[in-house]
Every structure is written in structure tokens, then in C-alpha cells.
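These are my notebook entries on a structure that I looked through on screen.

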Amino acid sequence: MSGASQAGADARVPRLAKGWERRCGGLSPEEGFLLSRIDGHTPWSLLREIGGFVPTEADHCLERWLEDGIVELCERAPGGSQPGASDSGCRLDPALEANLDASLDLPIEVQRQVLDIEANLERPYHELLGVPRNASTKDVKRAYFALSKLYHPDRYFRREIGSFHRRLERVFKKIIEAYELLSDPATRAEIERSLGPEPAETQPAPPSTGAKRATRKPQKLSRMEHLARLRARFKIPKHVLAERKARAREFYDAFKVASARGRWLEAASNVRLAIAFDPAEREYKRGFGEVQAEVHRVRAESLVEKAGECLAAGAPEEGLRLCEEALGYRPGDAAVNHAAARMAAETNDLERAKEYAERAVELGPDACLHHAHLAKVLRLRGERDLARTAVQEALRLDPRNPEARSEMDALRRLVRRG
Amino acid sequence: MSRVIGIDLGTTNSCVAVVDGGKPVVIPNTGGYKTSPSMFAISQDGKRLVGHLAKRQAITNARDTVYAAKRLIGRRYESPEVRKAAEVCPYEIVRGPNDDPRIAIGDKTFTCPEIAGIILREMKSVAEEYLGEPVTDAVITVPAYFNDTQRQCTKDAGKIAGLEVLRIINEPTAAALAYGIGKQSEEKIAVYDLGGGTFDISILELGDGVVEVLATAGNTFLGGEDFDRRVVEYILDEFQQREGLDLRQDLMAMQRLKDAAEKAKCDLSSMANTEINLPFIANDANGARHLNMELDRPTLERLVSGIVNETIKSVEQCVADAGLTPDQIDHVVLVGGQTRTPLVQSAVAEFMGKTPHRGVNPDEVVAVGAAIQGHMLVSEDRDLLLLDVTPLDLGIATFDGHFAKLIERNTTVPARKSHIFTTTRDEQSAVKIRVLQGTSDRAVENHLLGEFVLSDIPPAPKGEPEIDVSFDIDSNGIVSVSARDLASRQEQSITVNATGTLSEEEIERIIRENEAYDLPSES
């Protein structure tokens, strides 16, 4: 379970090589994200699991960047891990020692361990599980299983253990939380970032953890205090910060060039990288806002086009789903609403069709087709008077429009039938 | 200390097992049967009958014989499943005061936990008969996909039967436990459980002394009974075509048909075709009518393939939820009598890319697993640790009708999640929270567990009070809610209006009423 004995590959830490930008061509979104997370601190074992890559693909990408001189490896001493939670023979704060009870059907040592963990539930997840920061998912799981066997409440089912029933539940639920967050690569990456660099690099390692922890009073931290604590531990060396800012500026420049040429998706990926490297710079966020609108327009258009294909292929439900996704990007776009209304009508969901058709008319009152389609939906719903108003407006806008005219005919036939 | 029995309370059949001398044993009843039908009847002369005796007189006493009550337990009277059951059941389903479905037979009305309790009591006596000592503790299994209300009702049924239910465990997990005990290897398995009334699929990882559920999915209203139903419909239509007679209104004929359909279905698992022969099925102006037709396997498979495909879709979803592909799964274990159908076996084998494991008895393995879990809870033998999950998202209804998830499905239990609530009006003294379980984004499509009211909130401007509400799911998969005012650190008063379950008083009353009955099940 110890990190120091990990195979060499996992513990490698890549960083960006000098002049990497010159050697790096256009990046796909997944590559961009992976690149933005290479900072000389995050180990390879973690990088391969975050972002849009399958781990083996991430490996290939990193190997390729190593070869091309985009990325290089740091010299890194294996991170000293904090000793695990199950230190035997640790002594507790006297206030906690008072909770021990020899008469309970629970070994004193286990009681001590439970009290220790309970008093420090807010400690970092990897410490809770007793694994090093760069532990693989498999090791995390093994640690979790080993701890489960000790602290799962079922182990002490019906035994006389007094207050420890409740304590065990709290401890065990926290252990599960630690396992679930550490074994999901995305949440694990976030936790890694918030913890900052390994203590072994920037501070002298604290002495035997058991004693050190014992003098901290067990407190229930409020959310604000907890966040303040996290911020205090978040220390990045100045030169690393300066590098990141410089890189961010480079990406922003690339964004401006791409925007000027109307290459929206490229511009969006560049400005996103800029924000990833320097989240504090407001200018980048504004730039993102501008390009976002364009990207959404492009996305929505392609979704509506795909929806049309689905409709032609006889799958209007899928078409409707795509249109609604497009609406998620551009809710105020009359054409998208109109497309959604058509799809909904095809699937016979007249309630939704009416909603979208009305929105289309609201947003695009000068388009004859919007009114004509609204008229059709209203007619199908039996709302003849409203349908008549709509079709009249459609014909007013464009008396020769075939759809509007056929809608008027359909209405007339309906009225005649009574 | 009394021993803990494991009871598989199935839709069609129930089974009881116990760990005896270190080994799990399936307990036969006095007639030598290892499973008993989950049926309860009141005979014409007012006698209460359970199990095999109840089944034997089901045809002549269809109106007052209850079967498949598990399909109704924990549901609302208006739910589509209860409506569907009411269409085909010969016994009468009425609306109870809590909007729950109740069954009227003889001159009494029974709640569903009560019916389940009567069957559990029967299994309890079978165990006591075999062990020669009283039994008070049990582990009872439920479909993995059962929601909180269905689990609570099952627990109540145990209470009614005079059992302390140590744990409610999921059927596929119990099967995996029975399968995995004593195994040293690390493996990933899929448990495909198709029983009389419910379907579950679970993906588990075994190894290192732990049985961990990775993901689970299912359908609590899909099972062998539906297979039977399709066959019955086919026979009815064929008969109507040939003879011009619709047998649907004839209760006795329908019961005979149902029996014959079930038997034909079972026969076709080992034979290529079978005969359905029901002389004197009906009487009309032309005299006595007889039903005699052939049913072959291809026809049966055509009738039920839709149902089987539904199950495979759930399997697909579950494998994806577990973050795996079918080839990463080492073994497939089939549980439940319905998995004897060749079509089911081949469909599962095709999707999983491997033949299912044949070493477990599909009718008994769940009870065995339950017995093992019961034994582990009370003894020093802790060979395996069970890490099970909750099958449904747990969350609350937001003001605009959406479902906000708090504990996602496939989270390991026991689990807890807190959420901070506050007021929306100045001086507001109470906040109502609607807790739901389900998989839909819209609150109205999910199952309402209950409405909780946080009251006695001290007057304050809106948005200021911070009440930390904790949602807990325990190892039984049962939900509880507690609240704490963050400012004062006091426990907030919180009242529960749980839907669909019996109150303590009702349970007490039912226990008292049932004490008088000593049910014969085998003559």
C-alpha cells in the first residue's frame, strides 16, 4: 500500500518543457485540458485518469509529447505520506481518552482509533484512508476494503458498544465518502488541486502524526472555517504562478487571432485554456463570454440540422431531443424554437409544440412560417379561434406562402364540418 | 441465543434457510418441500390456509385465494402496477385508508404487510419445526430495486410474523454472498435475478473478504407472472377464435388456465412442445366445452421475447453504471425460477459473451445467502463483508417540480448527505420538505417517501436560518431524516408523514388479531 514502492511509471511528474508552444500544433479539447493540468506537481498516474481520455490514450499522448519535447519529466523525491489512520498505540488528547470504556465489547485499541478518526473527520481523504497522495485507484480500493472490515458497523452488530455505534456509523460514512471521491478521477483531481503541493517539498514534514494530531482540539468546523483552512494550505511557489500567467496570456493572444478570423471553436478552446491557467484574469472571462455566444450558435445550428436528419429517418423523438438540447444553448433563438415546435408536433406532443411555437412567434413575429405552424398546432389542439387569428397573421405577412394557405384551407374544412 | 433464519420472501414461492453446524441448510417443510408457495386463502368454511394447502384449493376457491401480494406491497392504490394487477387477479383489491391497496377475502380486509406477515409466519414455523426451538430473528430479502416504502412494509411484515428483522438485504446480493462464500479469488460477477414477480440485475466485485455491489438496476413489476400472463392471453385468444367463447369472465376457468399456462411454460424449458388439456373448461348453450391445444417452444419464445429484451436493456444500463463492459465480467449467476427458460439463458449468454455459471440452485440460493448474512451478523464468523448500494436516487422536490438529487443511486450504504435549508419568507416558522426516490428528473414521476415538516423555527428574516437536514440511508436501504439548527446546534423538531406504511398502532392491532390463528399448511 505504500507509495514509495510504486512502479516508476506512475510516480513520474511531467512539466511543460521550454519552448513547448512552438512545437505544439492545434490541440483537441481533450489534449488542451490535459495540457493545462501539467504543472510539475500532478503525477502521471493522476493525469492519465482525468479529462476526456481513456487512460491508455492519455499515456500515448503524454509519451508523444515527451518525444516531441513538449513535455519533460521532473526529478521528484517520492512524496512522504502521512501515516494512515490505523496507527496502533497512538495516544489521544486527554479529553478524548476519557471516552474510552473498558467495559464495552470493543477492544480498547479499536476504541482509540475510532475516537482519533472521529475527532479528525475533516482531515484530507487520502490521510483518512492511509494512502499516499499518488496512490493508484487500486490501492485506494484496497485501503478502503481493509478499513471497512475494521469499521463497518455490521462488525459490531448487536454488541454492547455504547456510544461507539453512532461513532462507527459516522466514521464509516466518512470512509465511504473518501473512497468514492478518491476513486473517481474527476473529483480526485479537484481534491489534488485544492491540497496544493506535497508538504515534503515546501515544509518540513511534521513529526509522528499521532501525537501532533492529538493536541488539536476536536472541533466541529463551520463551512467558512473549513474553507479558510483549505485556502491556508493552498500555497503555490511564485515562479509557478508567473509561468502560468504567461502561458495564459499566450493562449489569450491565440484566441484573439482565431476570433478575428471567425474560427469560433478554436477561439473557444484557446480562451478556455487561458482561463484554466489564470482563472483570476477578468479579461479572459469576458472574452469567453463573447465567443461563447458564437460557439453556441454554431452548436445549435448543427444540432438542428441533425434533428432534421432524424426526422427524415423517421425518428422524430430523437429529433425533438436534439432540438431541446439546441434550445439549451440558445433559448432565445426563434428558429430553434420553431424547429423544436415542428419536432414536438411530429411526436404528437402538442402541449410542448404549442409552447415552442408560441415562443417562436414571440421571438420572430415577422416570420410567416412561425405563425403558420402555430396555427397548425392550435388547430390540432382544437383551439380554432386562436388558430384562425394565427393563420390570418401568417397570411398578412405573406399571402402567397403555401404552408399558410394550406393551413387556412384545413381550418375552413374543419369549420364547415362543424 | 436463537438462531437467525434467512427468508427469501418471493412473489410466487418462499424459501427459508439457516446456518446449521457451520453450513447453510435449506429447511424443508413437513411435506418435504424446500419452497412453499407464497399464497394465503380462506376456505369456504372459514379456515385459514397457507402455502401448499392454499395453492391446492386455489382453483375452486379463486375468489378467496391471494397470490403475488408482493406485487402490491408498498404501492399506492392508484399506481399503474396495482391497476394492472387488479385487472387479472381473481381476488378483490380495495382502497385502504392510507391509499394503500388492501385485499378483501372471506369477510375481512387484509393489508399487504399482513398477508406477507402470514406467509413469513409460516416460514418461521417451518424453521421452528426443523430446529426444534423457537426462532425470533431473521434476515429477509427484497428485490434490489425495492424502494423505501416497499422495504419498510416488508420489515413491518416481519414484525407481524413475530420476527425481529435484523436486516433487509437485496436478493442479488444475497445470491452473490452464497456464491462467493469460501472463494478466495477476486472476480467481478453479474447476478441476473428473474423471479415470479420482480427482476433485478446487480454487478458485484468479490475479493479480499469483501462483497461490493458496484451497480444495480431492475424492475419491480416484471417476472414469471408476466410470462404466464402472455401464455394465458394467447390461449384465450386461440380458444375464442376456435370456439367463439371468451373465458375471461369465468374465475374458475381463468385459474385453471393460469395453472396450465405455468405448467406449460415450465415443461417447455426441457421439451420442444407440450399439450394444454383442460376438459370441461366451460359450459354454454351447446353443452360442455373442452380446451385442448398444443404449445411449442418457438411460439412461447415469440410471446415472451419482449419481456426478455426489457431485462437485457436493464442489464446493459447496469453494466454501464458499473463502469464496465460485458467482457470485464468474469461470471454470470442466474437466480430465480424463471431463469430456467432457455430463451432467458441464451439472451443473457449472448449479451454477456459467456455461458452463465451453473453451480447455484436458482430457487434456494437467495435464502441461503440471507441465512449466511444473518449468521455473520451475530457470530464471530466474519468471513465476508457486504457492501451494498441504494438502487434509486434519493432527493427532494424543488419548487418548480424538479427532482434535486441528494444521494445518487448506486451509492454504498450506510450513506448520509446533508443539505442546508432556509426560509423563503420573513418570520417563517416551518419548512416543508418532500422526499422522493426514483430515477426521473421530474418530481411527480418519482415515488414520494414522505413529507417532512421542520417546525418551531425561531422568527428571523427570510434566508437567515440555516437548518442542516441529514438524509440517511441505513444498511437496510431505509431512509431516515434528521435536522439540526446550525445556529443553535439544537436538534430541530421534524415530523414525518410517511406515505403508504402502517403506523405502530395498526401493526400492534394486526399482531394481536393474528395471534389467534395457528395455520395448517401441510396435512
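Entry 1, the chain contact. How many residues does the contact take from chain B, and how many from chain A? I found 13 residues from chain B and 14 residues from chain A. I note that the model is predicted. On the side of chain B that touches chain A, the elements giving two or more residues are α10 (365–378), β19 (385–387) and β24 (415–421) of chain B.

Entry 2, the nonpolar cores. I looked up the largest nonpolar core, which has 173 residues. Within this core, A:Leu129 and B:Ala175 have the most contacts. I then listed the partners of A:Leu129, leaving aside its neighbours within four places in sequence. These partners are A:Val140, A:Ala143, A:Tyr144, A:Leu147, A:Ala178, A:Tyr179 and A:Leu182. A second, separate core has 33 residues, including A:Ala300, A:Val304, A:Ala353 and A:Ala394.

I recorded a cis peptide bond from B:Val413 to B:Pro414, with omega near 5°. B:Pro414 sits in the loop between β23 (411–412) and β24 of chain B.

I also recorded positive phi values in residues other than glycine. For B:Phe280, phi is near 55°, and this residue belongs to strand β16 (residues 273–284) of chain B. For B:Asn410, phi is about 65°, and its place is the loop between β22 (403–407) and β23 of chain B.

Is B:Phe280 buried or exposed? I count B:Phe280 as exposed because it has 11 C-beta neighbours inside 10 Å. B:Asn410 has 21 C-beta neighbours inside 10 Å and therefore counts as buried.

I examined helix α22 (residues 384–397) and helix α23 (residues 402–417) of chain A, which pack at an angle of about 150° with their axes 9 Å apart. Angles over 145 degrees count as roughly antiparallel, so α22(A) and α23(A) are roughly antiparallel to each other. Their crossing is left-handed. From α22(A), the contact is made by A:Arg384, A:Ala387, A:Arg388, A:Val391, A:Ala394 and A:Leu395. From α23(A), it is made by A:Ala404, A:Glu407, A:Met408, A:Leu411, A:Leu414 and A:Val415. I classed the residues of this contact as 9 nonpolar, no polar and 3 charged.

Definitions and conventions:
Residues are numbered from 1 along each chain as its sequence is written. Chains are lettered from A and ligands numbered from 1 in the order in which they are written. This is a predicted model: local features need pLDDT of at least 70, side-chain atom pairs count only at pLDDT 80 or more; totals for chains, interfaces and linings use all residues. Two residues are in contact if their C-beta atoms, placed from the backbone, lie within 7 Å. Helices (H or I, at least four residues) and strands (E, at least two) are DSSP runs, numbered from the N terminus. A nonpolar core is a set of buried Ala, Val, Leu, Ile, Met, Phe, Trp, Tyr and Cys residues joined through C-beta atoms within 7 Å. A residue is buried if 20 or more other C-beta atoms lie within 10 Å of its own, exposed if 12 or fewer, and partly exposed in between; C-beta atoms are placed from the backbone. Axes are lines fitted to C-alpha atoms, for helices over the stretch in contact, and angles run from 0 to 180 degrees between N-to-C directions. Angles under 35 degrees count as roughly parallel, over 145 as roughly antiparallel, 65 to 115 as roughly perpendicular and the rest as oblique. A crossing is left-handed if the near helix is turned anticlockwise from the far one by less than a right angle, and right-handed if clockwise. Ala, Val, Leu, Ile, Met, Phe, Trp, Tyr, Cys and Pro count as nonpolar, Asp, Glu, Lys and Arg as charged, and the others, Gly among them, as polar.
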